[in-house]
Amino acid sequence: MRIIADYHTHTTFSHGKGSVEDNVLSALKRGFREIAITDHGLRHVAFGLRPWKLRELRAQVDALNKKYAGAIRILMGVEANLVGLDGRIDIRDDLMPYFDIVLMGYHRMAVLGDIRTQFHFAAVNPLVKSLKRRAKVVQANTLAFVRAMERYPIACITHPSDMIGVDLNVLGEAAARTGTALELNMRYTPLTPEEIGRLKAIGAAFMINSDAHRPENVGDFEDTVELALSAGLNETDVLNAEGCVRPVRLPPARA
């Protein structure tokens, strides 16, 4: 399985260690056809994109697409945060036209308002010992992901098995229905081969991404490819694999 794009990379616009061009050059060395710059969403407390930086980032991406035309395509993206049980993410509708691709995940450092504790308990708090209570919270969290996928053109759910409790079967069904990929990412607790196989059977598609925070880590997902193969995935299951014809879900083209 040959991966030809990395759709989850960070730069100094959030808490990555390299510039946009640094990531692009690293992707070129790997022979990739596409790379997405997906810095953190606006409500990430410490490292989120700031609205006044979006125009600068857009200008850099556009300039680099001209510079490297014919060699690689660069997408301006975002790793948005799920911030509401109603499926809200932290990208306002008026800012959505800046982006060529939108990923989404849950991060504890995102400002969630009055539902922060509920999300937190579902994922990590050992004091929640009631199985009935935990099941209700997991159900609410899962529904929030489903609503987000139905509400926004989300290309991929990042690290879906980490930080927050969700029902993977329900998540996979919604992902398959909406055309949203599920990320395989070794930076966080990975899905198990059994979970991946179950999600494939449901009809979900996958992305193999690096979640690189340093330019040298762009495309560094050999272990993730091995995991995918061990779970029985092939090129038709992985949207950024050579030979896959399943489309990446993208927002409407910018005017």
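Q: Which residues line the largest cavity?
A: In this predicted model, the structure holds 1 cavity of 30 Å³ or more, and about 40 Å³ of space lies in the largest cavity. By class, its lining has 4 nonpolar, 4 polar and 1 charged residues. The residues that line the largest cavity are His159, Pro160, Ser161, Glu183, Leu184, Asn185, Thr189, Pro190 and Leu191.

Q: Which way do the residues of strand 6 point, and are they buried or exposed?
A: Strand 6 covers residues 181-184, and Ala181 and Glu183 point one way from it, while Leu182 and Leu184 point the other way. Glu183 and Leu184 also belong to the lining of the largest cavity. As to accessibility, Ala181, Leu182, Glu183 and Leu184 are all buried.

Q: Which residue in strand 2 does Asp6 stand opposite?
A: Strand 1 and strand 2 (residues 34-40) run parallel and are joined by 3 bridges. In strand 2, the residue that Asp6 stands opposite is Ile35.

Q: Which residues touch the most other members of the largest nonpolar core?
A: The largest nonpolar core has 63 residues, and helix 4 gives the most to this core, with 5 residues. Apart from it lies another core, of 13 residues, among them Leu75, Ile101, Ala181 and Met207. Within the core of 63 residues, those that touch the most other members are Ile89, Ile91, Met104 and Phe145.

Q: Which residues does Met104 touch, not counting residues up to four places away in sequence?
A: Met104 is one of the residues that touch the most other members of the largest nonpolar core. With residues up to four places away in sequence not counted, Met104 touches Ala80, Asn81, Leu82, Ile89, Phe145, Ala148, Ile154, Cys156, Ile157 and Thr158.

Q: Why does Thr142 count as buried?
A: Thr142 is found in helix 4, which covers residues 131-151, and, leaving aside neighbours within four places in sequence, it is in contact with Val166, Asp167, Val170 and Leu171. Buried means under 20% relative accessible area. Thr142 counts as buried because its relative accessibility is 3%.

Q: Which residues lie nearest the centre of the largest pocket?
A: The largest pocket has a volume of about 220 Å³, and by class its lining has 3 nonpolar, 7 polar and 7 charged residues. Of the 17 residues that line this pocket, those nearest its centre are Arg187, Ser210, Asp211, Asn217 and Asp220.

Q: Which strands each supply at least two residues of the lining of the second largest pocket?
A: About 170 Å³ of space lies in the second largest pocket, and the residues of its lining divide into 9 nonpolar, 2 polar and 4 charged. This pocket is lined by 15 residues, of which Ile4, Tyr7, Glu34, Leu239 and Val248 lie nearest its centre. The strands that each supply at least two residues of this lining are strand 1 and strand 3 (73-81).

Notes. Residues are numbered from 1 along each chain as its sequence is written. This is a predicted model: local features need pLDDT of at least 70, side-chain atom pairs count only at pLDDT 80 or more; totals for chains, interfaces and linings use all residues. Side-chain values use heavy atoms; hydrogens and water are left out. Helices (H or I, at least four residues) and strands (E, at least two) are DSSP runs, numbered from the N terminus. Buried means under 20% relative accessible area, exposed over 50%, partly exposed in between (1.4 Å probe, protein chains only). Contact means heavy atoms within 4.5 Å. A nonpolar core is a set of buried Ala, Val, Leu, Ile, Met, Phe, Trp, Tyr and Cys residues joined through side-chain atoms within 4.5 Å. On a 1 Å grid over the protein atoms alone, a cavity is a set of points where a 1.4 Å probe fits but cannot get out, and a pocket is an open set with protein on both sides within 12 Å along at least five of seven lines; lining residues have an atom within 4 Å of a point. Grid points are joined across faces, edges and corners, and a volume is the space filled by probe spheres set on the points. Ala, Val, Leu, Ile, Met, Phe, Trp, Tyr, Cys and Pro count as nonpolar, Asp, Glu, Lys and Arg as charged, and the others, Gly among them, as polar. Two strands pair if DSSP finds at least two bridges between them.
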